[in-house]
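Let's take a walk through this one together, starting with the overall layout and then zooming in on a few spots. Have the viewer open as you read.

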Amino acid sequence: MASESSFDIVNKVDRQEVDNAVNQAAKEISQRFDFKNVDAGLKWSGESIEMQANTEERVSAVLDVFKDKLVKRQISLKGLDADEPKLSGKVYKITATIDAGITQENAKKISKLIRDEGPKSVKAQIQGDELRVSSKSRDDLQAVQSLVKGQDYDFAVQFVNYR
């Protein structure tokens, strides 16, 4: 068993990078001319990010600025779940959350793909919100990584604990 190599397929987001993106977007919004006097801003609200502005178009523009900052920090937008703009008092608000973890259903999709199209010596096990892939051959593991990267899922995947 010691000669067997493995890695984990996960969907994790670095919270510090998201925090940096929130702070950068808030700073840009406070300095941009087109956001002056429109009550625009964004901030953390528990585990979600809350954006606001006085019109629906402006709050959507705040979301676009935030998405741009996430992309610059190499955070996949597939994990961003943003609501539609809602009127709350005099301002429109959007609440966005960052998804983390692979659901059982999505882990089964990846596992089935590995079983059907991957090398036969590779085993995939679902462990909580991640998927452990193991094999005696490191080349087979790299082939599985290429296979999974080539798929277009509606969630982000990262490969960790390669050993």
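How many helices and how many strands are there in the protein? Counting them up gives four helices and nine strands. Keep in mind that this is a predicted model. If you trace the chain along its sequence, the elements come in the order β-α-β-β-α-β-β-β-α-β-β-α-β.

Now zoom out and look at the overall dimensions. The C-alpha atoms fill a box of roughly 65 × 25 × 25 Å along the principal axes. The radius of gyration tells a related story: the protein has 20 Å, whereas a compact globule of 163 residues would have a value near 15 Å. As for burial, 38% of the 163 residues count as buried. Among contacts with a separation of 6 or more, 60% are between residues 24 or more positions apart.

On to the helix pairs. Two packed helices are described by the angle between their axes and the distance between those axes. Take α1 (residues 15–31) and α2 (residues 56–72) to begin with: their axes come within 9 Å and cross at roughly 135°. That angle makes α1 oblique to α2, and the crossing is right-handed. On the α1 side, the residues in contact are Val18, Ala21, Val22, Gln24, Ala25, Glu28 and Ile29, and they meet Val62, Val65, Phe66, Lys69 and Leu70 of α2. Sorted by class, that contact has nine nonpolar, one polar and two charged residues.

The other pair to look at is α3 (residues 104–117) with α4 (residues 138–150). Here the axes come within 11 Å and cross at roughly 125°, so α3 and α4 are oblique to each other. This crossing is right-handed as well. Ile110, Leu113, Ile114 and Glu117 of α3 make the contact with Val144, Leu147 and Val148 of α4. By class, it comes out at six nonpolar, no polar and one charged residues.

Is Ser134 buried or exposed? Ser134 counts as buried because its relative accessibility is 8%, and the cut-off for buried is under 20%. Leaving aside residues up to four places away in sequence, Ser134 touches Glu4, Ser5, Ser6, Ser121, Val122, Lys123 and Leu141.

Terms used
Residues are numbered from 1 along each chain as its sequence is written. This is a predicted model: local features need pLDDT of at least 70, side-chain atom pairs count only at pLDDT 80 or more; totals for chains, interfaces and linings use all residues. Side-chain values use heavy atoms; hydrogens and water are left out. Axes are lines fitted to C-alpha atoms, for helices over the stretch in contact, and angles run from 0 to 180 degrees between N-to-C directions. Helices (H or I, at least four residues) and strands (E, at least two) are DSSP runs, numbered from the N terminus. Angles under 35 degrees count as roughly parallel, over 145 as roughly antiparallel, 65 to 115 as roughly perpendicular and the rest as oblique. A crossing is left-handed if the near helix is turned anticlockwise from the far one by less than a right angle, and right-handed if clockwise. Contact means heavy atoms within 4.5 Å. Ala, Val, Leu, Ile, Met, Phe, Trp, Tyr, Cys and Pro count as nonpolar, Asp, Glu, Lys and Arg as charged, and the others, Gly among them, as polar. The radius of gyration is taken over C-alpha atoms; the globule rule is 2.2 Å times the number of residues to the power 0.38. Buried means under 20% relative accessible area, exposed over 50%, partly exposed in between (1.4 Å probe, protein chains only).
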